[in-house]
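Welcome to this tour! Please open the structure in your viewer and get ready to select some residues.

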Amino acid sequence: MPTVTPLPTYPSAGTRKSLSASQLATFHRNISSALAEILALPPAKRDTPATRAFLSSYANDVAHQTLQSLIWPAPAHSDDHVHRRVLLLAEKLATIPSCFDVKTLLDIAIAYFPYPTRVRALFAAALASTPSLAAVFTSDMVPVMTTLLRPSRSAGLYGLRKTARCLVSLLSGCPPELLRPFARDQDFMIGLARAYDEGLASLSRSYGGLRMDVGTRELDDWERIWLETKVDLIDSFHFIITVMLQDLSVASGAALAAESERTFSIVFALLDLPPPALVQAGGTPTSSPFLSRSLMADYQHSYNLSSTLTSALRRAAREDARVDFLESTLRSYDIESSTTATKDPGALKLIIKSSGVPPGTSASGKGKAAQSSSKGRAIETHFAHEPEQNHDLDLEISQVMDIFPDKSPAYIRALLTQPAFGNAEKVIEALLEGTAPGEASLAQDVGAGNSAHATFDEPIERRNVFDDEILDVAKIHVGKRNQNEASGLRDKAAIEQMKADILRRAEAMSDGEEEEDGAKRAEVDDDIDFGDEVKVIGDGEASSEGEDDGDEEEAPPLKPNTETILELAYIRDAELFNRDANTRRSKARSDLKAQTGWSDEQIEGWRIMLERNPKKDKILQKHEFAGNKAVDFSATINAGGSESSSRGGDRGRGRGGRGAGRGRGRGRGSGNGGDAKERAWKDKNKASRGNHDRKRGHDKKMAKAGPS
């Protein structure tokens, strides 16, 4: 079975700084691989002195870097793979008795402050495996924290800032069993309140006082540190008060009396402390939440301690006058803001401003987002960790950093993730040539890509016009329906009804055509004299000699409309519609204007619209057939009977000569034009027998059927 290489002691920050970027990336990759192998081992082989030493040294180094980053910018503490796997290793080792001492637990709480739930589970496992841990907290941790919170031992603003972060990190990860030593120690509670009141007030005076003109300037570094220290101290106090109230709610009998007396003693001791005397910049004393008020006043302002504490104490001492006094004293700290139903955030607005994010960023480039409610509650500082890294990408970053050590790793990582680059060689080439995008523009592109990706990840809801329709579920049927005799009869009845509708529509179409044909035949003059001299209306063919046109009454011709006049003129000569001076002065244009009553601009515009019309050919096609035209046969008659007879006889063998009225192949052609009676009958009935009417009927049927 192959042996696992033991983990070395984690090198200090100075040692890691001496390594190149590629060497550091290789080191972290090796550590991550070794951690993965150790995590896969059974518990007995996992717990070794080397593993404990590595875990203790790593937690100590990360905790130190975290505390330093609260004051000064500092590089990223570690590789994220290593950071997560060390926490997983600590969770597995916590079940082993006496594996962690108090110092290592404190370092883990500071290093993994953004993960309070997992740290609390780790502390609970360590307490279960090592029950004496609560006694160690009482004897060692509580006195140490009490000493560090004293104003004389705080080592200035920076020291108090680090102490406050250590305390809130430890208390946020402690289960109730490890919180009770702090809650039951009156000296610690008084020390916490004095650090909040007296310690911070004296530090503010030493810096000249806090300025409240947030709208015209950025916060100074000391002002941000001072306010964040207040936030951590009041959050630590909240953890302790919470466990005190929980103990009061679950206690009974003698234990309830003991808990209530201890609570009365601590709360009255805190109320007896002198209030801080803070002077704002400019020399004007002011009383504002989280600026110049005591810890109890600000906590009442944020969490309404009077309601929760008095309700818990009345359960133990219903008729105790101290409860009423305590309630009235705490309620006197309430300060309503200018707007109703809200509380003044006080000095916290200096760091939350309008966006809720304090100015400045942490050393690793991760923004410190301060979360605050409208009631001015305490702020919890959270550090957002970057997503899981790729080892190959880390190696490429280290290659680029070896050549360009002045570039930030985040900028190189962003370049490598761009589609235009993709590998270290292209990034190096772009940086050498100066074609790589700047950090500002690259950050905007990455932000836009993230927002677009979040938008596209949203579920797509497909909607249509039937979404609001009410669906009758009773009418839904899946599969084939069972055919029975009744359904078959219904189907036959529907088919018969469909046939009747088709026949009715066909008959209506036929009747309409017959009515149109009858109307056309009515236009033919029925008053025809079948004598020697015949006059056929509308045929266009001359009759015999001696014909008297005055005896016949011709129907008045229909006046063509303007569109027809323009269409016929366009067919005759399209240049008549040209837009030029010569055409406008021509006689043809003047005649056309007189016929239509239109101006030159209207006529020329009509031509433009006609040529743009996709149905232009169909519009002009209706003028192709203009009817029979009069032909002068006098020359043919005077030429002699022989020629006429010969021509008529020749045509008679076919379909009949023109003089015989196209005798349909009966060979009746004659030189003098045939029988006048037969010609008159054909002219009378040509509307129903002519080929052009069949064409017109066909076109009409196709128009009714609609476009194909």
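At what angle do helix α2 and helix α5 pack? Before you look, keep in mind that this is a predicted model.

**First stop: α2 and α5**

Select residues 21-39 for α2 and residues 80-93 for α5. These helices pack at about 25°, and their axes are 9 Å apart. Angles under 35 degrees count as roughly parallel, so α2 and α5 are roughly parallel to each other. Turn the view to see how they cross: the crossing of α2 and α5 is left-handed.

Now pick S98, which sits in the loop between α5 and α6 (102-111). Its phi is near 55°, a positive value in a residue other than glycine. Is S98 buried or exposed? S98 is exposed, because its relative accessible area is 52% and the cut-off for exposed is over 50%.

**Next: two helix pairs**

Select residues 133-149, which form helix α8, together with residues 156-173, which form helix α9. The axes of α8 and α9 are 10 Å apart, and the helices pack at an angle of about 150°. Angles over 145 degrees count as roughly antiparallel, and α8 and α9 are therefore roughly antiparallel to each other. In this pair, α8 passes α9 in a left-handed crossing.

Move on to helix α12 (residues 221-250) and helix α13 (residues 254-271), whose axes come within 9 Å and cross at roughly 150°. That angle makes α12 roughly antiparallel to α13. Here α12 passes α13 in a left-handed crossing.

**Next: helix α14**

How many of the 9 residues of helix α14 are buried? Select residues 295-303 to find out: 9 of the 9 are buried, so α14 is largely enclosed by the rest of the structure. Among these buried residues are L295, Y299, H301 and Y303.

Step just past α14 to N304, which takes a positive phi of about 55°. N304 lies in the loop between α14 and α15 (305-316). Its relative accessibility is 30%, so N304 counts as partly exposed.

**Last stop: a surface patch**

Which residues make a nonpolar surface patch of about 460 Å²? Select L471, V473, I476 and V478 to see that patch. Then click on V478, found in the loop between α21 (439-456) and α22 (485-522). V478 counts as exposed because its relative accessibility is 76%.

Conventions:
Residues numbered from 1 in each chain as written. Predicted model: local features only at pLDDT ≥ 70, side-chain atom pairs only at ≥ 80, totals over all residues. Heavy atoms only, no water. Patch = residues over 30% accessible without salt bridge, like charges linked within 9 Å, V, L, I, M, F, W, Y side chains within 5 Å. Areas by Shrake-Rupley, 256 points an atom, 1.4 Å probe, with all protein chains shown as cover. Salt bridge = Lys/Arg side-chain N within 4 Å of Asp/Glu carboxyl O. Helix = DSSP H or I, 4+ residues; strand = E, 2+ residues; numbered from the N terminus. Buried < 20%, exposed > 50% of the residue type's maximum accessible area, 1.4 Å probe, protein only. Axes fitted to C-alpha atoms, helices over the stretch in contact; angles between N-to-C directions. Parallel < 35°, antiparallel > 145°, perpendicular 65-115°, else oblique. Left-handed = near helix turned anticlockwise from the far one by under 90°.
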